[in-house]
Structure formats: C-alpha cells, structure tokens
Amino acid sequence: MTGSEPGFGVYIHWPFCAAKCPYCDFNSHVRHQPVDQERFASAFETELATMRERTGPRDVTSIFLGGGTPSLMKPETVARVLDAVAKNWTVPDGIEITLEANPSSVEAERFRGYRAAGVNRVSLGVQALNDADLRFLGRLHNVSEALHAIGLAREIFPRLSFDLIYARPGQTPEAWSAELEQAIDHAADHLSLYQLTIEEGTRFHTLYAAHKFELPDAEASAELYAITQEVTAARGLPAYEISNHARPGAESRHNLTYWRYGEYVGVGPGAHGRFIEDGRRIVTFTEKMPENWLDLVETKGHGVIGGETLTRSEEADEFLLMGLRLAEGIDLDRFERLSGRALSSPRMSILQGEGLIAPVGNSRLRATASGMIVLDAVVADLAR
C-alpha cells in the first residue's frame, strides 16, 4: 500500500432505509411510500454535473454508493448514476465501484443488475452472526439470510466486504473469537469490524442513558480489540486501518482515498466532499433532508448548503487524524508540505518512548497497536 497516490473518489449518498437501526447516526430516512427514483436519478445527474464544473477534469479512482441502503435502488437507477459519473470525469476500466447492501434487501436478480451496471464490489451490512444480537441491533435479516447474501455476492461480484459490530452487550472474548473465525470462513478478501459505540441522537443513546443495557467496559473492549487483531492477522486478513482488514491488495480503494487524504466529491442528501478548488482544499456538505435536497438541486443545480476553505494548519491536522489510522502511517514530508512545519521531534520522542508511535524507515510515521487504541490523544499531542 505504501506510497500510492491518494486518488480522486466520487461518493453517492442514497439516504433511504427500510428501517432505522438503533445505533445508526448516519443520514438515513425511512419512507413508507415508494421513493421517486426517476426524480432522484435526475437530481444526482444534475449535482454531479455541477461538481464537475468545480473540480475540472479528473481521473476517478473509485466510486462508492453508500447510505442509507443503496441496495434499495433499482439497478437502472444505479446505472444512470454511474453513467453520469463517466460523463463528467474520466472513469478508467476496472476501477473499484462499491455498493453498500443489506442482506434483507438482497435478491439475485437485483445483484446481477448491479453487476451489469458496473458495480464490482459489494459491502454487506451483516453486523452479527447471531440471531439474538441481530434483533438487538435492529437488523431486518437473520443469520441464514446473511449467509445467503454473502454467498450470492461471492458468486456475482469480483470483490466482497462485510461489516460486523462487536463489543456488544454480554459478548465474551470466546464468543467473539468464534464468531470472527466463522466470519473469516465466509469472507472473500475484506472485513470491516467496528466496536459498538453509543452515538448521540440515536435510539441506543436513549436506551443506554436509561440503563436498559450495558456495554463491555474499557478493559473488556480493549481485549476484544486485541482478539480482533490477532485472529484476523493469523487468518491472512490483517488490519490495514483501525477497523478494516483485508488480504494484501484487497484494501478498499475508496476508503484509502479518505485515509490517505485524497480528494473526493460527495453528492446526494447529506454528502460531504473534500477537493482542491483554485489551489486550496475546500469542504462541501449538502442538505440532509432528501426532499429538501431535491428541491435545491432542481432550482439551483446542487444541494450544497455549506462548506469552507481549509487553512494549511487544518489540512495538516486532518491529514494526521486520517493517516495515522492506517497501518502504513503517514508520509512526514507530505505533512510538512501541508502544514509548513515539521512535527515536533521532542513530542515524537516522548510518544515513541511510550510505545504509541514508531518510525517506518526514515520517511514515515505510524501509530503502534497501543497507539491505535488512544489515537485521538496521540494525534492531539502531535498536532500541538
């Protein structure tokens, strides 16, 4: 992975879900009437064209359809969106094109339609291989349906990833280790493994505050994290980022664009973008409410409602925060080019002495396994 160009990605946000998961703080919405996909497809086309005016010509390195639940989109809608990306920028053959899917909305015919539209990688929101925990997490599928979806995805798409959430209430190290081994038996080349966190504004936040359930404490969570690293590494899917594991060469190209501090445009309700415009890195974000976003796009040509131009210091801080999530670490020269200064040698020496960071050759710096657990504090210290 080391030394590759960060890339230029395109993120498409489909904001609709069949149900809102109690842990989710993403911009997702449930609609009880059919969504007008024709109207949304047209709006995506319009906003993509507007973004092209701002970025100029670029070679796209990855496309990601996220949500929400993009597997609720018709294959024809996906095809229109992908065609619009190719109309506005150069899309080389064979680049990574990912679509997020939920096992409960998987059909073989629809999967084949996505593949025909150009999708070559699917990310499945499995979240658990235990029916009781799937119910607790508010998922609409069971383990049998999840395994069926994994099997279909492996048959139809060249690449597959799926998510699991761990550090669930009452989860023991032995249970997680066994579940993880089972997951790896079914995985193709990539797994995303996240600790359950309580996000403000979610149903879990309310229930947790009311003491309706308990999560593993910090020590138990750290043990589960350590097991995650050990088991995946032993099975050939080492961590290349805090929560992401892949066989060598199968890392998510789109997510690497984020973590390597590349550029990307974001279209759709609530999407964010970060790209170079007039020589400076700018941030964009769009209206979150789907219907309001549609109205904005149809009247103004885009749904962007805010953004900013980053200072050199802000760019450098973001570069640190994103890049130190990666096992490959950061390029120290690039940090200096972004910030106009070198990282503090005394601070680096202290953190290295504490076993939280380590040099990679003469030009890179990475967080250690211990540093990953307290990464926010490490970044804050380095950025001072």
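**A first walk through this predicted model**

1. The chain's secondary structure comes to 15 helices and 17 strands; helices (H or I, at least four residues) and strands (E, at least two) are DSSP runs, numbered from the N terminus. This is a predicted model, in which local features need pLDDT of at least 70 and side-chain atom pairs count only at pLDDT 80 or more, while totals for chains, interfaces and linings use all residues. Residues are numbered from 1 along each chain as its sequence is written, and side-chain values use heavy atoms, with hydrogens and water left out.

2. Let us start with the overall form. Taken along the principal axes, the C-alpha atoms of the chain fill a box of roughly 60 × 50 × 40 Å. The chain has a radius of gyration of 21 Å, which agrees with the value near 21 Å for a compact globule of 384 residues. That radius is taken over C-alpha atoms, and the globule rule is 2.2 Å times the number of residues to the power 0.38.

3. Next, the division of the chain. There is a domain 1 (8-258) and a domain 2 (330-383), with bounds that come from an automatic or database domain assignment. The centres of domain 1 and domain 2, taken over C-alpha atoms, are 30 Å apart.

4. How much of the chain is buried? Buried residues make up 53% of the 384 residues, where buried means under 20% relative accessible area, exposed over 50%, and partly exposed in between (1.4 Å probe, protein chains only). The chain exposes about 16800 Å², and carbon and sulfur atoms supply 50% of that area. These areas come from the Shrake-Rupley method with a 1.4 Å probe; for residues, only the protein chains shown count as cover.

5. Contacts deserve a look too. Among the contacts in the chain with a separation of 6 or more, 70% are between residues 24 or more positions apart. Contact here means heavy atoms within 4.5 Å.

6. Strand E5 (residues 96-101) runs parallel to E6, and four bridges join the two. In this pairing, glutamate 100 stands opposite serine 123 of E6. Two strands count as paired if DSSP finds at least two bridges between them.

7. Three strands form an open sheet in the order E15-E17-E16, with antiparallel pairing. Its edge strands, each pairing on one side only, are E15 (330-331) and E16 (357-360). E16 is joined to strand E17 (residues 364-367) by four bridges in the antiparallel sense, and valine 360 has arginine 364 of E17 as its bridge partner.

8. What about the cysteines? A disulfide is a covalent bond between the sulfur atoms of two cysteines. Here it is counted as a pair of cysteine sulfur atoms within 2.5 Å, and by this rule the count is zero. Cysteine 17 is in no disulfide, and its nearest cysteine sulfur, that of cysteine 24, is 6.4 Å away. Cysteine 24 is in no disulfide either: the sulfur of cysteine 21 is the nearest, at 6.3 Å. Cysteine 17 counts as buried at 14% relative accessibility, and cysteine 24 is buried with 16%.

9. Histidine 29 brings us back to cysteine 17. This histidine sits in strand E3 (residues 29-30) and is buried, with a relative accessible area of 14%. Leaving aside neighbours within four places in sequence, histidine 29 is in contact with Pro15, Phe16, Cys17, Lys288, Met289 and Pro290.

10. Finally, some backbone details to check by eye. The peptide bond from glycine 67 to glycine 68 is cis, with omega near 20°; glycine 68 is in the loop between strand E4 (62-67) and helix H2 (75-88). Tyrosine 261, in the loop between helix H9 (253-259) and strand E11 (263-267), has a positive phi near 60° although it is not glycine. Aspartate 278 also has a positive phi, near 55°, and lies in the loop between strand E12 (272-277) and strand E13 (280-286). Tyrosine 261 is buried, with a relative accessible area of 3%, whereas aspartate 278 is exposed, with 78%.
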